[in-house]
Amino acid sequence: MLHFYYGVMGSSKTAMLLMQRYNYMQLGLKVALVKPAIDTRISVNTVYSRVGLQAQAEIVLEKGHSIREQLNWLAVQHAHSDFQYVFVDEAQFLTEAQVLEMADMADDLEIFCYGLKTDFMGNFFPGSAALLRWAEDVQEVPGSLCWCGRKATMNTRVDGKGNVIKQGEQVLIDNQDEIRYIGLCYRHWREGKSHG
Ligand SMILES: [Zn+2]
C-alpha cells in the first residue's frame, strides 16, 4: 500500500519517519530509506530531523530515476532479496512519474511517504498532488502550532527579519538570504503575520 503522511514545517514528520523505520528494523524487517535529491540540508544523503534524529538514505532519487530500478540496484548491493518497506522523506519533491511508479509497486510493498502538502504560496508540490491523488492511505501528521496557539496548516516563507514572503520560486532550500520556513494558521498566513 502507498501511504502519504503530510504535515507542515515543524510537525516532526521526519522524526516520525525515522522512529517508524527504526521500529521496523528492530523487528528484522528489510527497510529502505529514500530521499529525493533536491533537499540539500546537511548533506546529500542524510535524512535529518529538527529534533536531532538522523540517518543515511540508501537511495538519493534524482528526478529522472526509477525507484524500482534503484531498489533493485540496492538489493544487489546488499546481496539480499527485495525490500518489504520503503520510507521516503521530503516526498513533496518526488515527480508525478515517480509517485505513479510507487503506486504501481505498492501492490506488494509498503511505501511510506512523508512530506509537505503545499508550498509557501499555498500551492501543491508536484509530488504531494500526485500522492493525494493515488495514495491509498493519506494521513495528517499533527503537532505544529502557529505562534497564536492554533493549529498550523500553512507553510510560510520568512526572510531574516521575519517578514512573510508570498511570491518567488517554489523551492529555495539553501538558506539563501536567511530564508526559513515556519508553520502558521491559515488566518496568520493570509495576513502575513509571522509573530504576535
Ligand atoms: Zn495563528
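Predicted model: local features only at pLDDT ≥ 70, side-chain atom pairs only at ≥ 80, totals over all residues.
1. In strand S11, asparagine 155 has glycine 183 as its bridge partner, and methionine 154 has leucine 184. Strand S9 (residues 154-158) and S11 are joined by five bridges and run antiparallel.

2. Residues are numbered from 1 along each chain as its sequence is written, and side-chain values use heavy atoms, with hydrogens and water left out.

3. The order S10-S9-S11 describes an open sheet of three strands with antiparallel pairing; two strands pair if DSSP finds at least two bridges between them. Strand S10 (164-165) and strand S11 (180-184) are at the edges with a single partner strand each, so one side of each has no neighbour in the sheet.

4. Buried means under 20% relative accessible area, exposed over 50%, and partly exposed in between (1.4 Å probe, protein chains only). Leucine 184, which lies in S11, is buried at a relative accessible area of 1%. Apart from residues up to four places away in sequence, leucine 184 touches residues including Cys146, Met154, Trp189 and Ser194; contact means heavy atoms within 4.5 Å.

5. The zinc ion is coordinated by Cys146 (SG), Cys148 (SG), Cys185 (SG) and His188 (ND1) at 2.1 to 2.3 Å. Donors are N, O and S atoms within 2.8 Å of the metal (3.2 Å for Na, K and Ca); water is not among the atoms, so sites may look incomplete. Angles of 95 to 116 degrees among the four donor atoms make the site tetrahedral, a label that four donors receive if all angles lie between 85 and 135 degrees. The donor residues follow the spacing C-x1-C-x36-C-x2-H in sequence.

6. Cysteine 185 and histidine 188 are both buried. Histidine 188 belongs to helix H5 (residues 186-191) and has 5% relative accessibility. Leaving aside neighbours within four places in sequence, the contacts of histidine 188 are Cys146, Trp147, Cys148, Arg150 and Lys193.

7. Helix H2 (residues 67-77) has Ile67, Gln70, Leu71, Leu74 and Ala75 buried. These residues lie on the same side of H2, because they cover an arc of only 140 degrees around the axis; the arc is that of the directions from the helix axis to the C-beta atoms. The exposed residues Glu69 and Val76 are on the face of H2 turned away from its buried side. Among the elements covering the buried residues of H2 are strand S2 (31-36), strand S5 (59-61), strand S6 (85-88) and helix H3 (96-105).

8. Most residues other than glycine have a negative phi. Serine 12 has a positive phi of about 60 degrees and sits in the loop between strand S1 (2-6) and helix H1 (13-26); serine 12 is partly exposed at 34% relative accessible area. Glutamate 90, in the loop between S6 and H3, has a positive phi near 50 degrees and is buried at 11%.

Methods:
Helix = DSSP H or I, 4+ residues; strand = E, 2+ residues; numbered from the N terminus. Tetrahedral: all angles 85-135°; square planar, octahedral: opposite > 155°, others 65-115°.
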